[in-house]
Amino acid sequence: MEKEFDPYLRIDDAAVDRSDVEMLRAIDDCGSLSGAADALGRSYPHLQQRVVALEEAIGPLVERTRGGADGGGSSLTETARELLARFDRLVAAYEGVARVDETVLSGPVVDRDGELATVETPVGDVLAVVPTDAASAAVTIRSDAVSLHTPSDVPRAEGTSVRNRFSGAVAWLDTGDAVARVGIDLEAEHDSSGDGDEPPELVALVTRQSVETLGLEPGRSIVASVKATAARGIERDDRYGESQP
């Protein structure tokens, strides 16, 4: 499964995102800030303020002409066009690596608090959103919902909304220009399925900066965390080992 992502370019103190790129391209297409505002359904003052903020960090992006026979207008500078080209390259690189993987952890429901259920899995108890009548569940965790921490820098449980934590080691890295997929071998706590299988591999999607900050490399000990509301379970029929729609 893949999802739309939100890439951005960091230039000094400015973060140029998809919205900024749409704005610059609309200015180029319409020939004016007012035309771009109308085309995008945004306010003219907001666009003007955003252009000024970006130019303070990056340099001139929009050339403005006033009056004259044509009534004036706006066009993009060479700096702006180079910026758009850099963003396009970022998107191309990101799309090559930023697919969203899913990890499935299964087991019996051992406790419940309304819509949230505690599911006993091979890697420990997982708190997830599970149908109220499910006695057993298959819990899906998307790679873009996983946060990584070094064992010495895990936030205190009482100071965060993250309820699920898993210890393991980095198994592999698939690194692009901006993001990386990280495969994590999780530590088994028990075999709730009774079949002796190894626990599934957890995949996380993180930025390249996170790879460098955490010193991620194969064999590196790591703690993965997931919010309970980001872990979604469906009923599992243990008679057949299948999940029910």
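Biologist: What does the numbering start from, and which residues count in a predicted model?

Modeller: Residues are numbered from 1 along each chain as its sequence is written. As this is a predicted model, local features need pLDDT of at least 70 and side-chain atom pairs count only at pLDDT 80 or more, while totals for chains, interfaces and linings use all residues, and side-chain values use heavy atoms, with hydrogens and water left out.

Biologist: How many helices and strands are in the chain?

Modeller: The chain has five helices and 15 strands. Both are DSSP runs numbered from the N terminus: helices are H or I with at least four residues, strands are E with at least two.

Biologist: Why does alanine 80 count as buried?

Modeller: Buried means under 20% relative accessible area, exposed over 50%, and partly exposed in between, with a 1.4 Å probe and protein chains only. Alanine 80 has 0% relative accessibility, so it counts as buried. Alanine 80 sits in helix H4 (residues 78–97).

Biologist: What does alanine 80 touch, not counting residues up to four places away in sequence?

Modeller: Pro60 and Leu61, where contact means heavy atoms within 4.5 Å. Alanine 80 and leucine 61 are 19 residues apart in sequence, yet their C-alpha atoms are 4.7 Å apart in space.

Biologist: Why does threonine 118 count as buried?

Modeller: Its relative accessibility is 18%, and therefore threonine 118 counts as buried. Threonine 118 lies in strand E6 (residues 116–121). Beyond its neighbours within four places in sequence, threonine 118 is in contact with several residues, among them Pro108, Asp111 and Leu127.

Biologist: What makes H2 oblique to H3?

Modeller: The axes of H2 and helix H3 (residues 44–58) come within 9 Å and cross at roughly 120°. That angle makes H2 oblique to H3, because angles under 35 degrees count as roughly parallel, over 145 as roughly antiparallel, 65 to 115 as roughly perpendicular and the rest as oblique. Axes here are lines fitted to C-alpha atoms, for helices over the stretch in contact, with angles from 0 to 180 degrees between N-to-C directions.

Biologist: Which residues make the contact of H2 and H3?

Modeller: H2 contributes Leu33, Ser34, Ala36 and Ala37, and H3 contributes Tyr44, Leu47, Gln48 and Val51. These residues divide into six nonpolar, two polar and no charged. Ala, Val, Leu, Ile, Met, Phe, Trp, Tyr, Cys and Pro count as nonpolar, Asp, Glu, Lys and Arg as charged, and the others, Gly among them, as polar.

Biologist: Which residues of helix H2 are buried?

Modeller: In helix H2 (residues 33–40) they are Leu33, Gly35, Ala36 and Ala37. Just after H2, glycine 41 takes a positive phi of about 70°.
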